[in-house]
Amino acid sequence: MEKMRAIVCTKYGPPEVLKIKEVEKPAPKGDEVLIKIYATAVTASDIFIRGSQIPIQFWIPMRIMIGLTKPRKSIIGLVLAGKIESVGKNIKRFKPGDQVYGLTGFGLGAYAEYKCMKETDSMQGCLSLKPTNITFEESTSAAYGGLLALQYMERGNIQRGQKVLIYGASGTSGTIAIQYAKYLGAEVTGICSTSNVDLVKSLGADFVIDYTIKDSINLIEQYDFILDAVGKIKTSKLKEACKKALTLNGKYVSIDDGKLILDSKRLDLIKELVETGHIKPVIDRTYSLEQIVEAHEYVGKGHKKGGVAITICK
Ligand SMILES: NC(=O)c1ccc[n+]([C@@H]2O[C@H](COP(=O)([O-])OP(=O)(O)OC[C@H]3O[C@@H](n4cnc5c(N)ncnc54)[C@H](OP(=O)(O)O)[C@@H]3O)[C@@H](O)[C@H]2O)c1
């Protein structure tokens, strides 16, 4: 039996519950591809699943989904980028050697050297060819941040010249949301803390509001579309004021409104936008598989800039 290295999470808890282990290497079925994973990521979702700190009103439905007493999937990890190593006999979209990126959904398992996935979209994941002009690490940020940003931005039907506000402009989804809004021709304002002002400007934001300064609330105007890219767990007076800072037909959307859709067509669009230079994914830090505890500790603080990647194969 062939073996691989993986990060195993057999109980909910602090980052230290994550252990590196040798486990059985998966073999693809007829409708699956075997992916050699070059990079994964530590996302807000991975922190959420590992820590399982679920608000009381969502506790039962969430635990039913992710595992009642311990994680349903012992190998967690939502995002991957890698190369197709082999394909099952029914596979049409991919061939060995193809470089791919995607999300594993409830199939999880990206914190490992190998992962089997179907080529069709489902709750168990979505997969596409990765952008050719960025690294595997950057591709993990493009996949997670891109799917989140594009899905929720599309709800705004943003038109050229409209005013768009991104609350939480420096996270994985926020950094892509800024660039996507600029691509659509909007006038973009980003909200972030002092240390991220230059980053958000460099991504193309026309205006940046530093939420740490006194009276930042007085700087907000009226917007045609507002995206809360931080999520509903964190709130503030400024965020509450943003909810009301809308034009007559303006729309406010939270990144936590409904479920993330695992959509390979959207991954294809992100690939195109990255390859044409409209979107450049941001990577804050890169860790090795052995440094997974450190990586979870850092991301758990809630202030990463763009994405945090884990290199699995160089
Ligand atoms: N709908 C779904 O199914 C689904 C799926 C996955 C994730 N999500 C949601 O998406 C969210 C965003 O994920 P992500 O990975 O893009 O986030 P992230 O990278 O973890 O975002 C962190 C950013 O939030 C900013 N931030 C932290 N506290 C803040 C505050 N009090 N006020 C304003 N900004 C603050 C930080 O900027 P500063 O350092 O400048 O503060 C940081 O850059 C998740 O937290 C989750 O709620 C939803």
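Modeller: Residues are numbered from 1 along each chain as its sequence is written. In this predicted model, local features need pLDDT of at least 70 and side-chain atom pairs count only at pLDDT 80 or more, while totals for chains, interfaces and linings use all residues.

Biologist: Which element gives the most residues to the shell around the ligand?

Modeller: The ligand is surrounded by 28 residues, each with its C-beta atom, placed from the backbone, within 6 Å of it. Helix 1 (44-51), helix 3 (136-154) and helix 4 (172-183) each give two or more residues; helices (H or I, at least four residues) and strands (E, at least two) are DSSP runs, numbered from the N terminus. The largest contribution, 3 residues, is that of helix 4.

Biologist: Between which domains does the ligand lie?

Modeller: Domain bounds come from an automatic or database domain assignment. Two domains both give residues to the shell, so the ligand lies between domain 1 (3-130 + 282-311) and domain 2 (146-254).

Biologist: In which sense do strand 13 and strand 14 pair?

Modeller: Ser288 stands opposite Thr311 in strand 14. Pairing requires that DSSP find at least two bridges between two strands. Strand 13 (residues 283-288) and strand 14 (residues 307-311) have 5 bridges, and the sense is parallel.

Biologist: Is Ala27 buried or exposed, or partly exposed?

Modeller: Ala27 is in the loop between strand 2 (18-24) and strand 3 (32-41). With C-beta atoms placed from the backbone, 20 or more others within 10 Å make a residue buried, 12 or fewer exposed, and counts in between partly exposed. Ala27 has 13 within 10 Å, and is therefore partly exposed.
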